[in-house]
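Subject: Structure handover and notes

Dear colleague,

I am passing on the structure we spoke about, together with some notes. Please look through it before reading on.

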Amino acid sequence: MVSAPMDLFVSEITTPSTPLLFAAATSTIGISTSSSSSICSSEDSPATSFRFELQDVECRSYPSKSLSGAYSYRPLAVLSGHIGSVSCLALCGEFILSASQGKDIIVWQQPDLRLFTKFGQGDGSVKALVTVGSKVFTAHQDSRIRVWKVSRRSENVFRLVDTLPTTKDYLGKFMKQSNYVQTRRHHKKLWIEHADSISCLTVYNGLIYSGSWDKTLKVWRISDLKCLESIKAHDDAINGLVACKGIVYSASADGKIKAWGEEGKRSHSLKGILEGHKDVSLNSVIISDDGKWVYGGASDGFVMGWEGSYDFLSWKLVSETKAHQMAVLCLCLTGEFLFSGSADKSICIWKREAFGKLSKVGVINGHEGPVKCLQASPNNVGSGFLLYSGGFDKSLRVWWVPKQSTAQNTEEKSISLCS
């Protein structure tokens, strides 16, 4: 039995109180209709009714062994401030950002996990978010990317400072016929515009990449928010993006993950195709820090693994793991641990073994709906780390995962809520 006093969790995750502007500028992790800037209204400020206390100490995430020998965990906290299902998460210094299908974005402050501020507006639910310096970029169902910045007057107020494509970018292109592409029959749009929901974002080397249900991958320069390139990347919706070692990976409902590399300063070319199961959507993609291992989550419940060559020009399928009984919706990777969230409402914990294989070391149950997004903290908390999960049940849940759980990788672990 592993146990720890409550003081352990508080002392280990406590960080100096830092203005969000500074915290964002020192930490970037990654994750849309007015084009004019606007100040968030007073209702976006945290209200008493949106503050949440941690659960009683009996409900903490202490690992304990049941009579059957299986391990049981409980969440550190269940945060329920969103209007709709939680669609995406991002970690930024001492803050956690979560967004929902209800268009709202909440900033939670650690260690007490209080609601620091709440903002958001637009005609489309939030599908993805990333933080870059002092800015937050959010992708929306209305095919726009919105750019938010902390107000200089108040650190808990976010201002909408731009919408992509920007008005300047739009005006520079809309009068030239060659800048239009056909998106469907008898309908055209500028090539800088997405024609459907933007489902994913990733940041790499001064660029933001956006993937959409319109099957295109677009490249935006962060410095001036200009759209540099639009790639017809897939034969179906793009569901996930990740970038590492000069390669951008896009996962699609067409069952493929495609690898894109830069050619010159303003263009990308296809470097390789990672094939999944036939007629099965790939919903998520992640990559190891060294860029060697790529994992995709599929709609048939499998997690697929590929090994990249030393020059990142070829990839070989090395593992096919039946992770869930229903679709894998999200993946998260930290060190030797991989997490998969599913439509079956569970989160599976995996340890990465030799040759890209995955060994199951735990199952987290507790969400009352499909698990849509996952993020793991890179920092140690005691002998483990924190895992954050968002789901269709409109909740954000915080778990403590002990690293020593890998020692029991032959046992099925169950993580459940307090009764």
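This is a predicted model: local features need pLDDT of at least 70, side-chain atom pairs count only at pLDDT 80 or more; totals for chains, interfaces and linings use all residues.

Residues are numbered from 1 along each chain as its sequence is written, and side-chain values use heavy atoms, with hydrogens and water left out.

On confidence, the mean pLDDT (the predictor's confidence in each residue, from 0 to 100) is 81 for the chain, and 78% of its residues reach 70 or more. Residues 1–62 have a pLDDT below 50, and beyond near neighbours in sequence this stretch makes 150 contacts in the model, a contact being heavy atoms within 4.5 Å. The pLDDT is also below 50 over residues 406–419, a stretch with 52 contacts beyond near neighbours in sequence.

In the model, residues 191–230 are 0% helix and 57% strand, with end C-alpha atoms 7 Å apart, and residues 364–399 are 0% helix and 53% strand, with end C-alpha atoms 9 Å apart. Helices (H or I, at least four residues) and strands (E, at least two) are DSSP runs, numbered from the N terminus.

Strands β17 (residues 216–221) and β18 (residues 227–232) pair in the antiparallel sense over five bridges, where pairing requires that DSSP finds at least two bridges between two strands. Trp220 stands opposite Cys227 in β18, and in this hairpin, which has five residues between the strands, Leu225 takes a positive phi near 60 degrees.

Further along, four strands form an open antiparallel sheet in the order β23-β24-β25-β26, with β23 (282–287) and β26 (315–322) as the edge strands, each pairing on one side only. Seven bridges join β25 (residues 302–308) to β26, and Phe302 stands opposite Lys322 in β26.

Lastly, a search of the whole structure finds zero disulfides, a disulfide being a pair of cysteine sulfur atoms within 2.5 Å. Cys88 is buried (under 20% relative accessible area, with exposed over 50% and partly exposed in between, using a 1.4 Å probe and protein chains only) at 5% relative accessibility, and Cys244 is buried at 12%.

Best wishes
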